[in-house]
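Read the following with the sequence and the coordinates side by side. The account moves from helix packing to strands and then to ring pairs.

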Amino acid sequence: MRAAIFISVLLVGGLMGCASRQGVLRLEPQEEAVYEHPLEEVWPSVLAWMRERGFPYREDAANFVLQTEWREEFAGSTVAGYWHRYTVIGRREGPARSRVWIIRSSRSPNGAPVYAAKQPNWEVSRFPGSVNDGLPGGEFRVEEYDVQMPAGEPKLRFVPQESVTGVVLAMGSLGAVSESLQGARDFAMEWVLRDHVVPELDARKQGLEGRTLAATKQEPGNVVIECGMPVIGLSTRAKEGQVMLLGELHGTREVPRFVALSTCQVASRGTPVTVGLEMPVENQERVRRFIASAGTEHDHALLMESPFWRSPYPDGRSSEAMAQLLEQLRWLRAQGLDVEVFVFDHPELQGEAREAAMARSVQAQVEAGPERFFLISTGNIHPRTQPGLPWDLSYRPMGYMLARKLPSLLSLDVAFDSGTAWICSVGETLECGERPTKGQDNGDRYFVSFFEQPSEAGFHGVFYVGAVSASPPAVRLGSSHASDSK
């Protein structure tokens, strides 16, 4: 089988008009959870909820403040994750009304703090790598490009109080007097807390005895799983039967992390999740066995023995971050979450024949699991739900074919801040390596946002992953393991 070559191409001019008419981007609003109960009644239930979920914490009871210890994302997996700590603040709104803030402070694997104080903005272009003159031809396969966003696009904005900076905590008993707290409100966790606490408080008010039935589904932030900061705008769209295509930029650490966090957050709410990855279909059984395995060194070796991970043209799909994504998905399944993975690429085919084969593979999975949420990651030509490319106006991508079969399909293009990506580009020779990418800083928070109407390319919105960083090939990760297993 000829190796698949993925090339990131900069297209200027012809795409400008398309982008300028794609409409206004909107972030879904988030509301605060309010308790129609005195804070003195609410706070004991808050403490009990934290204990039930295994959060070690320190409390300043006089000021209705507690702070947990740091906890790692996907703790227990082999992937080094981000770390999170929660500060819970009770706020008295009146004699019989209160609120409970949950502020998440986060640190990256290298210990650097992650804040989310920046307001999103959508104004400038975002391009992977440097300009390539002309279009590739011959044996080269065009996989992805980035659409230029004109300066006239309106800004994206979060709701007020989404980010929390400079809050001074009077927590003498915690040894944190005048500590300046920086982090972000975790509205999803606040609502999970409220939905658990309020029925019990209402039952007591009505004189009913006995506890209300405990939730039977795992919740974000429970004792087992740390799913990271909620992806803004995802929860209302991630429903049973929904299909979400992600048009990604290959070769970054952030897109696979977006998929892992989204899967964790949706599956933790009890919605079954199936993840589709752009890997050759010959790897399906190998991937299935790994996802169902215990994740031993031998299991990893069997996964990495596939020729897919050893392509002479490592285009980003076979990156360390993608190998880590598979491990994170395996680990989520091992924790009891309903997570499945399938692959759908047909690299032996070309052009529309490949698009059609990919579409059939995806459609078969969706029709076999109507009760599941599908999150499908692929290079960002394939999810376009309208026909035509600048070099072939009649070209029909996978997304176009799927949209006519799957009315629940949503297609999102990637958005990111400047950084680097592992990209294969064509010049005099084909070269793969780390290259700069130009993007727009829309803050640290991951989010999905939808246009008022689809773009001319057929995208329904964007998913944003912050500043991107290149992920090198995983071949170095797997070669020694594979040789040891033989």
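How near do the axes of helix α4 and helix α7 come, and at what angle do they cross? This is a predicted model, in which local features need pLDDT of at least 70 and side-chain atom pairs count only at pLDDT 80 or more, while totals for chains, interfaces and linings use all residues. Residues are numbered from 1 along each chain as its sequence is written, and side-chain values use heavy atoms, with hydrogens and water left out.

Two packed helices are described by the angle between their axes and the distance between the axes. Helices (H or I, at least four residues) and strands (E, at least two) are DSSP runs, numbered from the N terminus. Axes are lines fitted to C-alpha atoms, for helices over the stretch in contact, with angles from 0 to 180 degrees between N-to-C directions. For α4 (residues 254-268) and α7 (residues 320-334), the axes come within 9 Å and cross at roughly 10 degrees. Contact means heavy atoms within 4.5 Å; on the α4 side it is made by P256, V259, A260, T263 and C264, and on the α7 side by A321, M322, L325, Q328, L329 and L332. These residues divide into 9 nonpolar, 2 polar and no charged. Here Ala, Val, Leu, Ile, Met, Phe, Trp, Tyr, Cys and Pro count as nonpolar, Asp, Glu, Lys and Arg as charged, and the others, Gly among them, as polar.

Strand β18 (residues 409-417) is mostly covered, with 9 of its 9 residues buried; buried means under 20% relative accessible area, exposed over 50%, and partly exposed in between (1.4 Å probe, protein chains only). Two strands pair if DSSP finds at least two bridges between them. β18 pairs in the parallel sense with β14 (residues 243-248) over 5 bridges, where V243 stands opposite L409. β18 also pairs in the parallel sense with β22 (residues 461-467) over 5 bridges, and there V414 stands opposite F463. V414 is 34 residues from N380 in sequence and 7.7 Å from N380 in space, C-alpha to C-alpha. N380 sits in the loop between β17 (373-379) and α9 (398-403) and counts as buried because its relative accessibility is 3%.

Which rings pair? Rings of Phe, Tyr and Trp (its six-membered ring) pair if their centres lie within 6.5 Å; planes under 30 degrees apart count as stacked, over 60 as edge-to-face and the rest as tilted. By this rule the count comes to 8 aromatic pairs. The rings of W43 and F64 have centres 5.8 Å apart and planes at 85 degrees, so this pair is edge-to-face. W43 lies in helix α2 (residues 39-52) and F64 in the loop between β4 and β5, 21 residues apart. W43 counts as buried at 4% relative accessibility, and F64 counts as buried at 15%. F64 has phi near 55 degrees, a positive value in a residue other than glycine. F258, Y446 and F463 are linked by ring pairs into a cluster, and both F258 and Y446 are buried.
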